[in-house]
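Student: I would like to learn how to read a metal site. Can we work through one together?

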Amino acid sequence: MQPIGPLMIEHRLIERLLLLVQREFQRIRDNVAVDPEFAFVDPEFIDTAVDFIRTYADRCHHGKEEDILFKALAEKDLSPEHRGTMEDLIKEHAWARETTAGLVKAKDGYLMEKPGALDDLMDHLEKLVEFYPRHIDKEDKHFFIPCMTYFSEAEQADLLARMHEFDRLLIHEKYRGLVEGLEQRRGCKSC
Ligand SMILES: [Fe+2]
Ligand SMILES: [Fe+2]
């Protein structure tokens, strides 16, 4: 398997999650159109979607793209077009992080019944729903496959092995961070 294989497989799961987000956005929007007072937002759904986007789409998926694939590509003599696309993709990852943080802020505002929070929440949901398919399409159809020509077969095998190792460590990183966060909040010293 080429190193872009796992990334493309991950794209399919990200698409499925975003489809659920799109449906939730449409459900809220349809309710608002009838009566904003009855536009119930499911905070548990938003929290679950945000955890997926932050842990899977960003840390696990964008992490492998940026820390492994793009870093290796940066050392190659890339065409101006490919270098430009890679820089755009990195900027888009940063934009997605900010927009996800904005969604969390809007959801918190909604729960505190802040004026305008519902519109803000819908705006962020819509932006994420529009963003991911475009970003994924750019990578799948215009970047990943041509970029493989910069690597030898041995280099591709090395990238793939590093991606597997990155994934292997991730679950430990996630739950070590969770325990450390809890310890800090509870004022405990870590062992
Ligand atoms: Fe990406
Ligand atoms: Fe991607």
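Student: Which residue bridges the iron ion (ligand 2) and the iron ion (ligand 1)?
Tutor: This is a predicted model. Look for a residue that coordinates both ions. Here Glu65 bridges the two, and the ions lie 3.2 Å apart. His11 sits in helix α1 (residues 4-34) and Glu65 in helix α2 (residues 43-74), so the pair ties together parts 54 residues apart in sequence.

Student: Which residues coordinate the iron ion (ligand 2)?
Tutor: List the donor atoms. They are NE2 of His11, NE2 of His61, OE of Glu65 and OE of Glu139, at 1.9 to 2.1 Å. Along the chain their spacing is H-x49-H-x3-E-x73-E.

Student: Why is the arrangement around the iron ion (ligand 2) irregular?
Tutor: Check the angles. Four donors count as tetrahedral if all angles lie between 85 and 135 degrees. The 4 donor atoms of the iron ion (ligand 2) subtend 82 to 167 degrees, which makes the arrangement irregular.

Student: What coordinates the iron ion (ligand 1)?
Tutor: Glu65 (OE), His93 (NE2), His135 (NE2) and Glu139 (OE) do, at 2.0 to 2.2 Å. The spacing reads E-x27-H-x41-H-x3-E. The angles run from 87 to 176 degrees, so this arrangement is irregular too. His93 in helix α3 (residues 80-111) and His135 in helix α4 (residues 117-142) link distant parts of the chain, 42 residues apart.

Student: Are His11, Glu65, His93 and His135 buried or exposed?
Tutor: Compare relative accessibility with the cut-off: buried means under 20%. His11 is buried at 0%. Glu65 is buried at 0%. His93 is buried at 0%. His135 is buried at 2%.

Key: Residues are numbered from 1 along each chain as its sequence is written. Chains are lettered from A and ligands numbered from 1 in the order in which they are written. This is a predicted model: local features need pLDDT of at least 70, side-chain atom pairs count only at pLDDT 80 or more; totals for chains, interfaces and linings use all residues. Side-chain values use heavy atoms; hydrogens and water are left out. Donors are N, O and S atoms within 2.8 Å of the metal (3.2 Å for Na, K and Ca); water is not among the atoms, so sites may look incomplete. Four donors count as tetrahedral if all angles lie between 85 and 135 degrees; four count as square planar and six as octahedral if opposite donors are over 155 degrees apart and all others between 65 and 115; anything else is irregular. Helices (H or I, at least four residues) and strands (E, at least two) are DSSP runs, numbered from the N terminus. Buried means under 20% relative accessible area, exposed over 50%, partly exposed in between (1.4 Å probe, protein chains only).
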